[in-house]
Amino acid sequence: MHRGWLEGYVALVTGGGTGIGRAVVDRFVAEGAKVCAMVRSAADGTDLIRDHGDAVSVIEGDVRSAGDNAAAVAATLDRFGRLDTLVANAGIWDFFLSLEATHADVLAATFDEIMAVNVKGSLLSAKAAVPALRESHGSIIMTVSNAGFHAGGGGPVYVASKHAQVGLIRQLAYELTPDVRVNGVAPGATATGLRGAAAAGQAERSLEDVEGLEDAVSRTLPLGFVAQPQDHAGLYVVLASRENARCTTGDIFRSDGGWEVRAPGRRPGRRTA
Ligand SMILES: NC(=O)c1ccc[n+]([C@@H]2O[C@H](COP(=O)([O-])OP(=O)(O)OC[C@H]3O[C@@H](n4cnc5c(N)ncnc54)[C@H](O)[C@@H]3O)[C@@H](O)[C@H]2O)c1
C-alpha cells in the first residue's frame, strides 16, 4: 500500500477553501495529513467538510488580523494536537492596475490593502504558527508568484507585494533556523477565481474573467498553458515533507511554465504534439 508522504502531519492552509489553497488541502489529505483550512467564507468550508470529512477542519478568518491567525492555530492544535506545516497562501491580485492610469488615492489605498493581505497576512500567520512549528520542527510554505521575481505578472502593487514575500521567506528562514524551514512555491498563471482589492473596485473581479489570458500565456510561456491549481500541489508536499526536503530552506520552487526563460511576445521551440 502507498504510504503517503505526509502521514501523521498536521497542516494549516490559509485561503484553503478555493483555488491553489484548495488543491493543496486535497493533496495533503491524499498524502495522509490532517488539515485545518482558514477560509473567508463559510461556503468554502462546507465543500471541504463534504469532500474530506474528519480529515479537515475549517475556521473562518482574515489573515490581516493577528487575532484571527492566533485563533486558527489554536483551533488546529485543539482539533489535531500539533502543527507541522503552515501554508500561507491567502492572497489578492491587482489586475495589472497601472501606475499612470490610477488616481494616487486609489493607488495608495490599493497598496495598503494588497500589502496587508499578501505580506502582513503571511507575516502574521507565521507569527501565530511559529511556537507550534518550533515544537514539531515543522515548516512554513508561502504561495508566492512569478511576480515575486519578474515584472509583468500584475501591476506595481501586486509585483511589489510578491517581491516582499520573497524577502519575508528569506528573513524568516534565517531567523527560524534550525528548527523551522521556510520556503515558497511560485506559481504562474493559474485557472482560479483570484480576486482583487476592494480599494480598486476589484473585490468581485475574478482572474477567470480576464480576457485573452490563455492566449497570452500560450504565446509567451515556454510550456505554453495556463496551469490548473493541482499542478502546483505536489511541490508543497515535497517542501512540507521532512524526509524529502530536509536540506531545503529559504528556497522558492518555481511552478510557472518557464517564465525565467521566456522570450517576450513569443514561445520558443516547436510543439511536437
Ligand atoms: N491564480 C494565479 O494565476 C496565481 C499566480 C501566482 C500566484 N498566485 C497566488 O496564489 C495564491 C492563491 O490564489 P488563487 O489563485 O488560488 O486564488 P483564490 O482566490 O482561489 O485563493 C485566494 C484565497 O485567499 C483568500 N483570501 C483573500 N483575502 C483573504 C484574507 N484577507 N484573509 C483570509 N483569506 C483571504 C480567498 O478567500 C481565497 O480563498 C495567492 O497568494 C495568489 O497571489 C496565484
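Throughout this passage, a residue is called buried when its relative accessible area is under 20%, exposed when it is over 50%, and partly exposed in between, with a 1.4 Å probe and protein chains only. The structure is a predicted model, in which local features need pLDDT of at least 70, side-chain atom pairs count only at pLDDT 80 or more, and totals for chains, interfaces and linings use all residues. Residues are numbered from 1 along each chain as its sequence is written, and side-chain values use heavy atoms, with hydrogens and water left out.

With a relative accessible area of 41%, Phe96 is partly exposed. Phe95 belongs to the loop between strand 4 and helix 4 as well, but Phe95 counts as buried because its relative accessibility is 7%. The backbone deserves a look here too. Most residues other than glycine have a negative phi, and most peptide bonds are trans. Phe95, however, has a positive phi near 50°, and Phe96 has a positive phi of about 65°. Elsewhere, a cis peptide bond with omega about 0° joins Thr177 and Pro178, and Pro178 is placed in the loop between helix 5 and strand 6 (181-187). Helices (H or I, at least four residues) and strands (E, at least two) are DSSP runs, numbered from the N terminus.

The aromatic side chains come next. Rings of Phe, Tyr and Trp (its six-membered ring) pair if their centres lie within 6.5 Å; planes under 30 degrees apart count as stacked, over 60 as edge-to-face and the rest as tilted. By this rule there are three aromatic pairs. One of them, between Trp93 and Phe95, is tilted, with 4.7 Å from centre to centre and 50° between the planes. Trp93 and Phe95 are both buried. Trp93 also pairs with Tyr158, edge-to-face, at 6.4 Å centre to centre and 85° between the planes. This pair links distant parts of the chain, as Trp93 is in the loop between strand 4 (85-88) and helix 4 (104-136) while Tyr158 is in helix 5, 65 residues apart. Ring pairs join Trp93, Phe95, Phe96 and Tyr158 into a cluster.

Tyr158 leads on to the ligand. Among the 26 residues around the ligand, those that come nearest are Thr18, Ile20, Tyr158, Thr190 and Thr192; a residue belongs here if one of its heavy atoms lies within 4 Å of the molecule. An N or O atom in the side chain of Tyr158 is 2.7 Å from an oxygen atom of the ligand, and a polar side-chain atom of Asp62 lies 2.9 Å from a ligand nitrogen atom. A polar backbone atom of Gly19 is 3.5 Å from an oxygen atom of the ligand. On its own the ligand has 810 Å² of accessible area, of which the protein covers 93%; such areas come from the Shrake-Rupley method with a 1.4 Å probe, and for residues only the protein chains shown count as cover. Helix 1 (19-30) and helix 5 (156-176) are the elements that give two or more residues to the shell around the ligand.

Two arginines meet aromatic rings. A charge sits over a ring if NZ of Lys or CZ of Arg is within 6 Å of the ring centre and within 35 degrees of the ring normal. Arg242 has its charged end over the ring of Tyr9, 4.8 Å from the centre, and Arg254 lies over the face of Phe149, at 3.6 Å from the ring centre.

Notes. Polar contact = N/O pair within 3.5 Å; in protein donor to acceptor, adjacent residues only side chain to side chain.
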